[in-house]
Amino acid sequence: MKDGVNGIALAVFIFFFLVVTVMGFLAARWRRSSEESLDEWGLGGRSFGTWVTWFLLGGDLYTAYTFVAVPAAIYAGGAAGFYAVPYTILVYPLIFTFLPRLWSVSHRHGYVTTSDFVRGRFGSKGLSLAVALTGILATMPYIALQLVGIQAVLDVMGVGGGEDTNWFVKDLPLLIAFAVLAAYTYSSGLRAPALIAFVKDGLIYLVIAVAIIYIPIKLGGFDDIFAKAGDALSQKNPATGQPKGALAPGEAGQWGYATLALGSALALFMYPHSVTATLSSSKRNVIRRNTTILPLYSLMLGLLALLGFMAIASGIKVSNGQLAIPQLFEDMFPDWFAGVAFAAIGIGALVPAAIMSIAAANLFTRNIYKDFLKPDATPAQEARISKLVSLLVKVGALIFVLGMDKTVAINFQLLGGIWILQTLPALVGGLFTRWFHRWALLAGWAAGMAYGTWAAWSTSSPTQDHFGGSSKEIPGLGEIGYIGMTAIVLNAVVTVVLTLVLRAVKAPDGVDETQPSDYVADAGDPGVKDLPPAVPETAGH
């Protein structure tokens, strides 16, 4: 570890940061309509084509979590951290089946959020509110994870002082980055991260191409890397007497690994920021094409994950695992290229953080402010409220990251995954069937949220204290794996049983304002764009 501030790396980092800041503000004029509305600010005018959507979704989904938290999990515990690779492979066949349907019905009815769709499909503002609150809650720790990525880079560059430095001085660079992010997001909306995503992805592909060739050469090749990593992970943890990890998950951990991968795949496109990027596309086929080319990012993720083993093999020693990869870059690369790598991580955090704050703001504006506080809000008023709320969301995430333990940043994403999974029956179920009763969906959501939060909070150990990744023992059943999957199973059981009961007693159902044809239409089809919502039909059509 180098002493003091790495001036050259910091200068390169600041250069790229200034470039994307200028791009963020200039994006306000990119493809901009004179109309001020949530469609324009929060969805980029629903105008993005295949390549812009590809970069936007890539920038949205492959984040500081990709560059920092996943390799850090492997650095700390071995190959169990590779669960992120299979889940990003599983997710695309899944979303191919339902995202085009969500895009079509959303464009037909002007839906901006998943909660808009749930309200329209089930005729329930209560269920819509539950989905909106869950989306906002799950997004906050995810934004916090991006800020952790920026802070890790700043720490390694020596910016902000040491552990004994006043907290304000230490966190001042992060506060400045946050303020700049907030400013250009407020000004340009979704167009800012869409434009910056081109720079972000270019830098990441450059850095990983160099790292995956250059670092193994310096470390003696992959044989030596895996041998050293295997030896280090096999050493026993003094606190528990158990090995620190392994190059491959043991038999006892395979069920937890599989359920964590599956649960994460199911959760990924439930997040509001994923849906926001999806609905910004101009055509249904843009979504279908992207599900076939986005797996290219999964290849990058697999290579990035190997950096965790490289950090072990190079002898990196850090008290906070999130610093392992930035420290690896500083130790292995010339200072100027370390600056490029740090910029890739930093910008890789700014792009998704912007989209996430916009998505959370859209949820508040459409499904809390308009539904419950000001039903007659104009499109311009919606846009202004969403801009203001996007600032508040970032402040909340900043408080989150400054106040919580950052040594296990992957916990932030896993905890959000438990929560957002509970919206799956209402969203994905609603895209294919109207059978579920709105009250049953609400009860199932409440049961899943309550159990998932309680289990996450109560499950911890000295070696595995991250909220979502732990397993829970139930007498007679053994390990049942990822808490999020257990919670969604409970959610589904409650939903199905209560639906049967409510249907049997003929409980009143909500009004469905959608029609079967709404789910398969493209933008070029008559009746999709620039028309008012379809005439509501009776429930259960």
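Predicted model: local features only at pLDDT ≥ 70, side-chain atom pairs only at ≥ 80, totals over all residues.
Student: How many helices and strands does the chain have?

Tutor: The chain has 21 helices and 2 strands. Its accessible surface comes to about 20,200 Å². Carbon and sulfur atoms account for 67% of that surface.

Student: What share of the residues counts as buried?

Tutor: Of the 541 residues, 60% count as buried. The word has a cut-off: buried means under 20% relative accessible area.

Student: Why is Arg46 called buried?

Tutor: Its relative accessibility is 5%. The limit for buried is under 20%. The value falls under the limit, so Arg46 counts as buried. Arg46 is found in the loop between helix H2 (38–43) and helix H3 (50–61).

Student: What is the phi of Arg46?

Tutor: Phi of Arg46 is near 50°, a positive value in a residue other than glycine. Most residues other than glycine have a negative phi. Lys506 also has a positive phi, near 55°.

Student: Is Lys506 buried or exposed, and how do you know?

Tutor: Lys506 has a relative accessible area of 72%. Exposed means over 50%. The value passes that limit, so Lys506 is exposed. Lys506 is found in the segment after H21.

Student: Why is Val505 called exposed?

Tutor: Val505 has 55% relative accessibility. The cut-off is over 50%, so Val505 counts as exposed. Val505 is found in the segment after helix H21 (483–504).

Student: Which residues make a nonpolar surface patch with Val505?

Tutor: Val489, Val493, Val497 and Val501 make the patch together with Val505. The patch covers about 410 Å².

Student: What makes Arg108 and Asp518 a salt bridge?

Tutor: Their side chains meet at 3.7 Å, N to O. A salt bridge needs a side-chain nitrogen of Lys or Arg within 4 Å of a carboxyl oxygen of Asp or Glu. Arg108 lies in helix H5 (residues 84–109) and Asp518 in the segment after H21, so the bridge ties together parts 410 residues apart in sequence.

Student: Are these two buried or exposed?

Tutor: Arg108 is buried, with a relative accessible area of 14%. Asp518 counts as buried too, at 4%.

Student: How do you know that Asp116 and Arg366 form a salt bridge?

Tutor: The N to O distance between their side chains is 3.4 Å. The limit is within 4 Å, so the pair counts. This pair links distant parts of the chain: Asp116 is in helix H6, Arg366 in helix H16 (residues 335–373), 250 residues apart. Asp116 is buried at 0% relative accessibility. Arg366 is buried at 12%.

Student: Why is Asp509 called partly exposed?

Tutor: Asp509 has 23% relative accessibility. Buried needs under 20%, exposed needs over 50%, and partly exposed is in between. The value is in between, so Asp509 counts as partly exposed.

Student: Why is Ser124 called buried?

Tutor: Ser124 has 9% relative accessibility. That is under 20%, so Ser124 counts as buried. Ser124 lies in the loop between helix H6 (114–122) and helix H7 (125–156).

Student: What does the side chain of Ser124 reach?

Tutor: It reaches the backbone nitrogen of Leu127 at 3.0 Å. A polar contact needs N or O atoms within 3.5 Å, so this distance meets the cut-off. Leaving aside neighbours within four places in sequence, Ser124 is in contact with Arg119 and Arg438.

Technical notes:
Residues numbered from 1 in each chain as written. Heavy atoms only, no water. Patch = residues over 30% accessible without salt bridge, like charges linked within 9 Å, V, L, I, M, F, W, Y side chains within 5 Å. Areas by Shrake-Rupley, 256 points an atom, 1.4 Å probe, with all protein chains shown as cover. Helix = DSSP H or I, 4+ residues; strand = E, 2+ residues; numbered from the N terminus. Buried < 20%, exposed > 50% of the residue type's maximum accessible area, 1.4 Å probe, protein only. Polar contact = N/O pair within 3.5 Å; in protein donor to acceptor, adjacent residues only side chain to side chain. Contact = heavy atoms within 4.5 Å.
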